[in-house]
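Please look through the following structure before reading the report. The sections below are meant for someone meeting it for the first time.

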Amino acid sequence: MTRFAGWFALVLLLGACGPQFYAANYTSFVDPAFRTRPVQAQRVLVMAPTLSLAKRQSAEAAMAEVLRESGLAAVTGLEVFPPTRGTPTTEEVLVELRARGLDGAVVLWNTAERTETSRSYRTVTDTELQTRVIDGERRTVRVEVQRQVPYTVQTPVATYSAQFVVPQGPIVWTAEGHFSGGSYEGLAASAGTGAIAKLQADGVVANPAAQPPGQAQPAPGGNGLILPGLR
């Protein structure tokens, strides 16, 4: 129940902030061959196969949600490459893209995680008994007393990388993002949300109002690359 409640709160937060909020956490690069003729993918495989199961579920669900809310089609890596079958190779991903008629795949993976510890103070109000002279008489009264109490804050921090590959083989887009706060599962969801929004901003994935895309063409010398997020 705790995990479900946390995920529900995360979904509400994602809706309140909007995907573009998380896209701002990314620095991206589009292959020059695809800048004047962007992919504008509408049918996308979303994958985070090297993440732990809980983070993978969060990341892939978040990516699929952004795509579907944009009116696009999304297939999760959990559906195509279940964790019971190991991490897929790049070639296996390309085969599935072509077999399923998908426009491309976004692969997300974690590059670093750490916990930042900081010290802060909060105000605590207590009541205590004090002896005071009231109307010439000593009386014991209850008064409120405020004091500053130190406490430590531990903040999860994670960096993510993402790439987009088209069925012909080339990696047409790469990005790196930095996220902090909440839980590591929440950061994975934020990273997935931001990756799709950044792909849309860069024209690699179609925006809701985009026209039907043409067929993406392979970049020169694009075959034979290995996606770091795969094996």
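## Basis of the model

This is a predicted model, in which local features need pLDDT of at least 70 and side-chain atom pairs count only at pLDDT 80 or more, while totals for chains, interfaces and linings use all residues. Residues are numbered from 1 along each chain as its sequence is written, and side-chain values use heavy atoms, with hydrogens and water left out.

## The sheet

Six strands make up an open sheet in the order 1-6-5-4-2-3, and their pairing is mixed. Strands here, like helices, are DSSP runs numbered from the N terminus, where a strand (E) has at least two residues and a helix (H or I) at least four; two strands pair if DSSP finds at least two bridges between them. Strand 1 and strand 3 (73-76) stand at the edges, and because each has a single partner strand, one side of each is left without a neighbour in the sheet. On average, neighbouring strands of this sheet are turned by 20 degrees against each other, with direction ignored. Such angles are taken between axes, which are lines fitted to C-alpha atoms (for helices over the stretch in contact), and they run from 0 to 180 degrees between N-to-C directions.

Strand 4 (residues 104-134) is joined to strand 5 (residues 137-165) by 29 bridges, and these two strands run antiparallel. Within this pairing, Asn-110 stands opposite Tyr-160, and Arg-132 has Arg-139 as its bridge partner. The two strands form a hairpin with two residues between them, and in the turn Asp-135 has a positive phi of about 55 degrees. Strand 4 is also joined to strand 2 (residues 43-47), here by four bridges and in parallel, with Leu-45 opposite Ala-105.

## Helices across the strands

Helix 3 (residues 53-69) lies across strand 2, strand 3, strand 4 and strand 5, and runs at about 160 degrees to strand 2. Helix 6 (residues 184-201) lies across strand 1, strand 2, strand 4, strand 5 and strand 6, and runs at about 50 degrees to strand 5.

Val-106, a residue of strand 4, is buried, with a relative accessible area of 0%; buried means under 20% relative accessible area, exposed over 50% and partly exposed in between, with a 1.4 Å probe and protein chains only. Leaving aside neighbours within four places in sequence, the residues in contact with Val-106 include Val-44, Met-63, Phe-164 and Ile-196, where contact means heavy atoms within 4.5 Å. The C-alpha atoms of Val-106 and Val-44 are separated by 7.3 Å, although the two residues are 62 residues apart along the chain. Val-93, which is found in helix 5, also counts as buried, at 0% relative accessibility, and its contacts beyond four places in sequence include Leu-45, Ala-105 and Leu-230.

Asp-103 lies in the loop between helix 5 (90-100) and strand 4, and at 13% relative accessibility this aspartate counts as buried.

## Aromatic rings

The structure holds two aromatic pairs. Phe-21 and Tyr-22 form an edge-to-face pair, 5.1 Å centre to centre with 85 degrees between the planes; rings of Phe, Tyr and Trp (its six-membered ring) pair if their centres lie within 6.5 Å, and planes under 30 degrees apart count as stacked, over 60 as edge-to-face and the rest as tilted. Phe-21 counts as partly exposed at 48% relative accessibility, whereas Tyr-22 counts as buried at 5%.

Tyr-26 and Phe-179 form an edge-to-face pair as well, 5.5 Å centre to centre with 65 degrees between the planes. This pair links distant parts of the chain, since Tyr-26 is in strand 1 (residues 26-30) and Phe-179 in strand 6 (residues 171-180), 153 residues apart. Tyr-26 counts as buried at 4% relative accessibility, and Phe-179 counts as buried at 2%.
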